[in-house]
Amino acid sequence: NGMEENVDYSTEEFVDFFKLRASQQDRMPEGMAINEELVAEIGDMSTEFLSYLIEQEIPLRPVMWFATATWAEGRGIAGFVNEKKGNIQDPEAAMTVWGDWFTEHASQFAEIRTNSEVVELVVNGGAVEGVVVQGPDRTYTVKAKKVILACGGLSANTALFRELNSDVPNIDTVFNFACAGDTGDYFALTEGLDFAQTGYGFIAYPGYRAPYGFHTPFGSMAATGFSMWVNNSAQRFTNEKGYYYQVGFRILEQDGGEVYGIADAEHARVSVLEDAVAAGEAYKADSLEKLAALIGVDGAALTATTEQYNADYEAGGDTLFGQQAAQMTPIRTAPFYAMKVGVSTLGTMSSLKVNEKCEILNSAGEAIPNLYGSGEVVFGNLFVQEYVASGCAVGCAVYTGAIAAREALGAMVP
């Protein structure tokens, strides 16, 4: 939990945590709730999987993130790295890891077809019996006993994303930093199947505009690096070190849906700020008044806000939003810097409704024969509006995929 080591939890406590986070929502449509049975399945399976890793003596390492050359289009690579593979720092090495895995394991039981898009479900009498595929050089049909939809969310479908989140202030300022393939295909594929929908919202994360997002040096600086943020009135409005999901929505509530990060010459990442200034992506001035003029806010107000922040630091803590002095960085030494901070989407929670087996349901609550969902396709069953905690999206995508595969295989092989 970030505070203690070797803390055990039960499946019941796991479910209670998801329920607690769901209860803290303030915009959830009436009648929506998490699927507690599915959350419990994920809790049980994660325990089994961790036990397996320990039994196999597979060393565990932190997640390594990689920004690829095509990140500007919303694509990236993330992978778990173990001791045997060493520290992977570049996309080519990461692809080697996953390439090895496919060669050693996946090819034994599955055929991977690239550049092949499923464009239609084959449906007969309400039951799914296969898919229509658009390949590199032809369109063809694949008959299947079971079909699992694992086609991502809808962050890259700008029109649909804004429509489904139309009540969020400044939703038109949110930029996509999820996968380029998150185009909401699952809604199009299930059209005509009378599917049930659940979930609402998206995973908000502060950052700099596309293509920088929040993983690049400029994006990371905007997301987590600044001493304080101010809105167009030169006022602080949130705990800058708070949970990124909640902080993202506080930014969207401000005028224009963008704010400014403020720092000084003593900041630990001043070299990044200098690079941003040189690239025309940040502002620099030898006084707070001049900096205020550059970003279009009142100079006296920015000076007063900064002085209050510094005074709180000296007194031992933030009197407005509760930061401890150790989390704060005073702003005293010229030159001073500012950069816009906006909000990106990492994923969406508007999804198809499923049961604990990840079978996709129709409007009557009945399983659509032979059709399953996993990953962002079913996120709304787990998060609804409030994103539970950092890392849950990856974990839940993995485990819902495993549950769907287990149940589909079990239905075919008694």
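Predicted model: local features only at pLDDT ≥ 70, side-chain atom pairs only at ≥ 80, totals over all residues.
On the H2 side, the residues are Leu38, Glu41, Ile42, Met45, Ser46 and Phe49. On the H11 side, they meet Cys396, Tyr399, Thr400, Ala402, Ile403 and Arg406. By class, this contact has eight nonpolar, two polar and two charged residues.

Now the geometry. Two packed helices are described by the angle between their axes and the distance between the axes. H2 covers residues 36–55, and H11 covers residues 392–412. Their axes come within 10 Å and cross at roughly 95°. Angles of 65 to 115 degrees count as roughly perpendicular, so H2 is roughly perpendicular to H11.

Next, Lys340. Find it in strand E13, residues 336–348.

Which residues does Lys340 touch? Leaving out residues up to four places away in sequence, they are Tyr208, Ala222, Glu258, Val259 and Tyr260. Look at Glu258. Lys340 and Glu258 are 82 residues apart in sequence, yet their C-alpha atoms are 6.7 Å apart in space. Their side chains make a polar contact, at 3.3 Å.

Last stop, Thr238. Here we are in a loop, between strand E10 (228–230) and helix H7 (244–252). Why does Thr238 count as buried? Because its relative accessibility is 9%, and buried means under 20%. What is Thr238 in contact with? Setting aside neighbours within four places in sequence, Thr238 contacts Trp229, Val247, Arg250 and Phe321.

Note on methods. Residues numbered from 1 in each chain as written. Heavy atoms only, no water. Helix = DSSP H or I, 4+ residues; strand = E, 2+ residues; numbered from the N terminus. Buried < 20%, exposed > 50% of the residue type's maximum accessible area, 1.4 Å probe, protein only. Contact = heavy atoms within 4.5 Å. Polar contact = N/O pair within 3.5 Å; in protein donor to acceptor, adjacent residues only side chain to side chain. Axes fitted to C-alpha atoms, helices over the stretch in contact; angles between N-to-C directions. Parallel < 35°, antiparallel > 145°, perpendicular 65-115°, else oblique. Nonpolar A, V, L, I, M, F, W, Y, C, P; charged D, E, K, R; others polar.
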